[in-house]
Amino acid sequence: MSTVLFTWQGYSLTTAHLVAGVALLIIGWLVGWLAGRSGKAQAAAQSSERGPGRSASDDAFMRGISHLMADHTDQAIEEFTKAVTLNSDTVETYVVLGNLFRQKGEIERAVRIRQSIIARPNLDAKSHLQAVYDLGLDYKKGGLFNRAAEAFDEVLKNDQRHIEAARQIATLYEEMRDWEGAFEARKRLDRLTKSDSRPVLAHYKTEQGKELMVSGQLDRAEDAFSQAINVDKNCLDAYLHLGDLELARGRARKALGVWKKAVKLSPQYAHLVIMRVNSAEEELGEKAAEGFFGEIDPASAEVPTLMALAQHYAQHQDQDKALEVVDMAVERAPHLLDAHRLRGRILLADGDRGRALEAYAQLLDEIEGDQARYQCSQCGFVSHQLTWKCPRCHRWDSMLPRVR
């Protein structure tokens, strides 16, 4: 039984109440002491993990680097964002963060970061120039080519020997089909890198000439094609379109002369000229056209040339000659479906169903082939259409006729 120690206005304090109060005080003190000890231990552990002299911002940055190395882009962005939140003075972290946003296609965020770097009043000249260059890359990735060109131009104004800016602006003008700009930019890059891009420069002039020709500016187009040949005498595309231009002007004889030069220059592409001569036979005259075809030796011709010749002979109802050359094409390239298809059509048109059936049986044996006619000598890309610049590796003059 507890003893009453004190009574006031109806309330009594007994010994049991006193014991319970003291016990609660002791428990509260213990809880507070343990909590304090736990906090100190946690802080000590974090400090131990961080290492001497490293801040929380440094830790976040290092974690971001680790995520980058593991290709965890989102996690890396999260850590780098923490780092700049804890310490907004670190330009390097902003640069990395901007690059990651560009990589993810978040161009607006990348651009805002570059602009925030450029706006810093105490930024050193080298960091400022790098930020402008990065801004150009952001704009380029976002398809804002004019702004990208302005950024790269600004870099080159401040550093005329900035090779990467010169390289970027050359490819940029090429993508924009600004052939004059691309020509000058590529020449500047050649001077900086001591390289020789004359074949590419010739293609720029040829592309410019094609566009001028389409718009009816024939004099300027001719000038562009001539410049292309002056820059690179082996630019086949310039010869081909210069011949087209001469034909468009009604100068068939000149056109044929230019095309003959093209065949001599690149016999493996003779089929491109054969198709032109075939289409322009009326303007060229039958005698001149036959003279041209007579100069081509099927025994040494490439498969595409043989097929073009076969089509020409078939159109002129010379089935025997057509079959002779298409058989040569099939023999040299048994996997080429186009050759089999052409032979079948010639045989069916001639009414020779027996040989057509034999050709079909031979085709079945080769059915694993594909229809790609051109292949990039650099990256192996295959295509049914001829392009002078590989769509995959972007090398000029790397697409060659495929004969397998």
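When I call a residue buried, I mean that its relative accessible area is under 20%, while exposed means over 50%, and partly exposed covers whatever falls in between. Please keep in mind that what we are looking at is a predicted model.

With that in hand, take Arg177, whose relative accessible area is 43%, so that it counts as partly exposed. Arg177 forms a salt bridge with Glu211, and the closest N and O atoms of the two are 2.9 Å apart. Arg177 sits in the loop between α8 and α9, whereas Glu211 belongs to helix α10, so the pair links distant parts of the chain, 34 residues apart. Glu211 is partly exposed as well, with a value of 33%. Through shared partners, salt bridges join Arg177, Glu207, Lys210, Glu211 and Asp237 into one network.

Now, is the pair of Asp138 and Arg102 buried or exposed? Both residues are buried, and they form a salt bridge in which the closest N and O atoms are 2.9 Å apart. This pair, too, links distant parts of the chain, with Asp138 in helix α6 and Arg102 in helix α4. A search of the whole structure finds 24 salt bridges.

Let me turn to the nonpolar residues. In soluble globular proteins, nonpolar side chains tend to be buried together. Here, the largest nonpolar core has 88 residues, and Tyr204 and Phe292 are among those with the most contacts inside it. Helix α17 gives the most to this core, with eight residues.

Terms used. Residues numbered from 1 in each chain as written. Predicted model: local features only at pLDDT ≥ 70, side-chain atom pairs only at ≥ 80, totals over all residues. Heavy atoms only, no water. Core = buried A, V, L, I, M, F, W, Y, C linked by side-chain atoms within 4.5 Å. Buried < 20%, exposed > 50% of the residue type's maximum accessible area, 1.4 Å probe, protein only. Helix = DSSP H or I, 4+ residues; strand = E, 2+ residues; numbered from the N terminus. Salt bridge = Lys/Arg side-chain N within 4 Å of Asp/Glu carboxyl O.
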